[in-house]
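Visitor: I have a structure to look at and would like to learn how to read it, feature by feature. Could you take me through it?

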Amino acid sequence: MEPGFIIHAVLLGIGATLVMDLWALFLKVCFNIPSLNYTMVGRWIGHLPKGQFTHPNIGKAAPVTGEAVIGWTAHYLIGIAFAFVLLWGWGLEWTASPTLLPALIVGIVTVAAPFFILQPGMGAGVAASKTPQPNTARFRSLLAHTSYGVGLYLTALVLPL
C-alpha cells in the first residue's frame, strides 16, 4: 500500500468523522438532540478483552479506566477505517475528482456497524430495537452516517492530491 493512499485515507477519515461530530453538535445545540455517548462506547470496548461482548445496559456496566479516551479514539479510528473502504472501492483517483455518490454509499452502508454490532453490544438491540423509540434512533443513526458520507466528500474536495 503506497504512502499516499494511507495518508489520504487517514485524512479523509478524520475529516469525515469531524463533519459527523459537527453535525451531532449542531443537533445538540439547535434542537437539544443528544448524540452517541462515546464514553459508553469506550466502556463497551474496554469490556471486550474480558470476553464480555454484550451488556443488558452499558450505562450500568462497570466503568473502565480511560473509557472516554478509548471511545473517542475508537470513533476516529473507525472513521479512518471506513475511509480506507472508500479508497479501496473507488481508488485513490477518486480523491483527484471526488463525487458525492461513492462517499454517500460508503457513509450510508456504515450504518450497519452500529445497527448490528454496537447497539446490540451495548444493550440497545439490533438496530436499536430495544430503545423507547427505535425508529427515531434508527433515523438518527442513518443521518449521522450520511453526514459522515458528506464529510468524506467535503474532505476530499479540500485535500490536495
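Visitor: How far apart are the mean positions of the positive and negative charges of the protein chain?

Guide: Lys and Arg count as positive, and Asp and Glu as negative. In this model, which is predicted, the mean positions of the 7 positive and 4 negative charges of the protein chain lie 25 Å apart.

Visitor: Which secondary structure elements does the protein chain have, from the N terminus on?

Guide: The elements run α-α-α-α-α-α, and the count for the protein chain is six helices and zero strands.

Visitor: What does the radius of gyration of the protein chain agree with?

Guide: A compact globule with 161 residues would have a radius of gyration near 15 Å, and the protein chain has 16 Å, which agrees. Along its principal axes, the C-alpha trace spans about 45 × 35 × 25 Å.

Visitor: What share of the residues in the protein chain is buried?

Guide: A residue is called buried when its relative accessible area is under 20%, and in the protein chain buried residues make up 42% of the 161 residues.

Visitor: Is Q119 buried or exposed?

Guide: Q119, whose place is in helix 5 (residues 112–122), has 12% relative accessibility and therefore counts as buried.

Visitor: What does the side chain of Q119 reach?

Guide: The side chain of Q119 reaches the backbone nitrogen of A128 at 2.9 Å. Leaving aside residues up to four places away in sequence, Q119 touches P114, A124, G125, A127, A128 and S141.

Methods: Residues are numbered from 1 along each chain as its sequence is written. This is a predicted model: local features need pLDDT of at least 70, side-chain atom pairs count only at pLDDT 80 or more; totals for chains, interfaces and linings use all residues. Side-chain values use heavy atoms; hydrogens and water are left out. Helices (H or I, at least four residues) and strands (E, at least two) are DSSP runs, numbered from the N terminus. The radius of gyration is taken over C-alpha atoms; the globule rule is 2.2 Å times the number of residues to the power 0.38. Buried means under 20% relative accessible area, exposed over 50%, partly exposed in between (1.4 Å probe, protein chains only). The place of a charge is taken as NZ of Lys, CZ of Arg, CG of Asp or CD of Glu. A polar contact is a pair of N or O atoms within 3.5 Å; within protein, one must be able to donate a hydrogen and the other to accept it, and residues adjacent in sequence count only if both atoms are side-chain atoms. Contact means heavy atoms within 4.5 Å.
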